[in-house]
Amino acid sequence: MFSRITGIGSFLPGQPVSNDDLAKRGIETSDEWIVSRTGIRSRHLAAPDETASDLALEASRRALAAAGLDAADLDLIVVATSTPDFIFPSTACLLQSKLGNRGATAFDVQAVCSGFVYGLTIAEKFIRSGSHRRALVVGAEVFSRILDWSDRGTCVLFGDGAGAVILEASDKPGILATALHADGAHHGILSVPGSICGGKVIGDPFLRMDGQAVFKFAVRVLAEVADECCAAAGIAPSEIDWLIPHQANIRILEATAKRIRMPMDKVVVSVDRHGNTSAASVPLALDEAVRDGRIRAGQKVMLEGVGGGFTWGAVLLEL
Ligand code: ACO
């Protein structure tokens with residue numbers, strides 16, 4: 001038993017918000033600084049009443065339509081998010097209710113920007129075990145809610161959005177290899193170190209980051225896990241048609257591609273228009289590149305995640 005992606009969808013809230021728009025809102029920054037350090041030109045920000053499950057719903061409807069399925073056909077719903085609607089129930093259960101599915105297995109995955117790669121790998125294992133046949137895997141985030149808008153070193157980097165795939169049981173392999181890792185010793189370089197207790201926020205409810213430490217860590221592990229995943233599938237990195245790394249920063253993408261000797265014209269880039277959408281970034285980029293015809297059936301695509309925890313991983317698949 002294998003699993004294949006049979007439908008992809010994504011959703012971005014509202015209109016693009018440019019770097020100049022951020023400067024006009026009073027953030028002491030410039031388009032020149034943001035573009036030269038990160039490659040980000042604009043991002044989308046959810047409206048105050050839009051939640052992760054709302055964005056997930058739109059992306060999921062598009063993925064279901066692409067697969068020619070109804071929500072009732074799903075027997076597994078996995079949502080990767082670090083910005084859930086509530087502490088509980090899970091965003092996956094809220095999405096399930098909005099979709100009108102009853103009875104499927106549904107849960108959230110918390111692996112920050114690696115969340116989608118973690119969720120896809122988990123769903124693949126459910127399907128390969130024979131226990132489930134049709135999974136919806138979503139990355140959905142409203143990171144704008146956990147940004148300190150007075151910290152120009154972090155607030156300009158992120159955006160909101162959602163991406164979703166349908167993964168179905170198949171006789172033919174679609175997912176060729178996976179690799180997941182974490183090293184909690186690095187939890188301090190990227191975190192939202194707050195919690196709720198007795199009705200009050202304890203600690204810091206905003207995203208904090210040691211940008212340079214994150215940069216070095218991300219490039220090293222993204223290169224290592226690409227090699228590991230290729231070795232597991234018995235192929236050379238040069239045989240990958242498209243690399244879709246987590247869209248954190250164009251300089252991280254370029255440095256990773258260089259380390260694995262992948263030309264940038266084989267790397268899907270959406271960070272310039274989406275910013276860093278955490279768990280949503282990889283399925284958003286995948287959807288864009290499939291819909292605009294760059295990624296074609298039969299091609300080998302490597303998805304890569306890296307994020308807080310620290311967590312990292314890769315999925316090599318054939319569409
Ligand atoms: N606009 C203008 N100036 C700024 C801004 C801004 N938005 N942000 C910081 N600066 C200033 C700083 O105040 C500092 O000024 P000073 O020298 O007068 O003190 C100067 O720019 C340099 O600041 P640094 O933080 O040292 O800038 P650096 O060159 O390290 O770039 C950056 C920061 C872009 C965050 C970089 O470290 C990076 O790319 N890190 C990767 C982190 C990342 O992408 N994280 C995403 C989340 S992690 C993930 O998804 C895996």
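In which loop is proline 89 found? Proline 89 belongs to the loop between strand E4 (76–80) and helix H4 (91–99), where helices (H or I, at least four residues) and strands (E, at least two) are DSSP runs numbered from the N terminus.

The views show a predicted model, in which local features need pLDDT of at least 70, side-chain atom pairs count only at pLDDT 80 or more, and totals for chains, interfaces and linings use all residues. Residues are numbered from 1 along each chain as its sequence is written, and side-chain values use heavy atoms, with hydrogens and water left out.

View 1. Phenylalanine 88 and proline 89 are joined by a cis peptide bond with omega of about 5°. The peptide bond from glycine 309 to phenylalanine 310 is also cis, with omega near -10°, and phenylalanine 310 lies in the loop between strand E14 (300–307) and strand E15 (311–318). Arginine 261, which is not a glycine, has a positive phi of about 55°, and its place is in the loop between H8 and helix H9 (271–274). Most residues other than glycine have a negative phi, and most peptide bonds are trans.

**View 2. Polar side chains at the ligand.** A polar side-chain atom of glutamine 212 is 2.9 Å from an oxygen atom of the ligand, and a polar side-chain atom of arginine 37 is 3.1 Å from an oxygen atom of the ligand. For tryptophan 33, an N or O atom of the side chain lies 3.2 Å from a ligand oxygen atom. Taken alone the ligand exposes 1000 Å², of which the protein buries 72%; accessible areas come from the Shrake-Rupley method with a 1.4 Å probe, and for residues only the protein chains shown count as cover.

**View 3. The shell around the ligand.** Of the 24 residues around the ligand, those that come nearest are Thr29, Gln212, His246, Asn249 and Asn276, a residue being near if one of its heavy atoms lies within 4 Å. The shell divides into 11 nonpolar, 9 polar and 4 charged residues, with Asp, Glu, Lys and Arg counted as charged, Ala, Val, Leu, Ile, Met, Phe, Trp, Tyr, Cys and Pro as nonpolar, and the others, Gly among them, as polar. The largest share, 4 residues, comes from H7.

**View 4. The ligand between two domains.** Domain 1 (2–172) and domain 2 (176–318) both give residues to the shell around the ligand, so the ligand lies between them; the domain bounds come from an automatic or database domain assignment.

Note on methods
A polar contact is a pair of N or O atoms within 3.5 Å; within protein, one must be able to donate a hydrogen and the other to accept it, and residues adjacent in sequence count only if both atoms are side-chain atoms.
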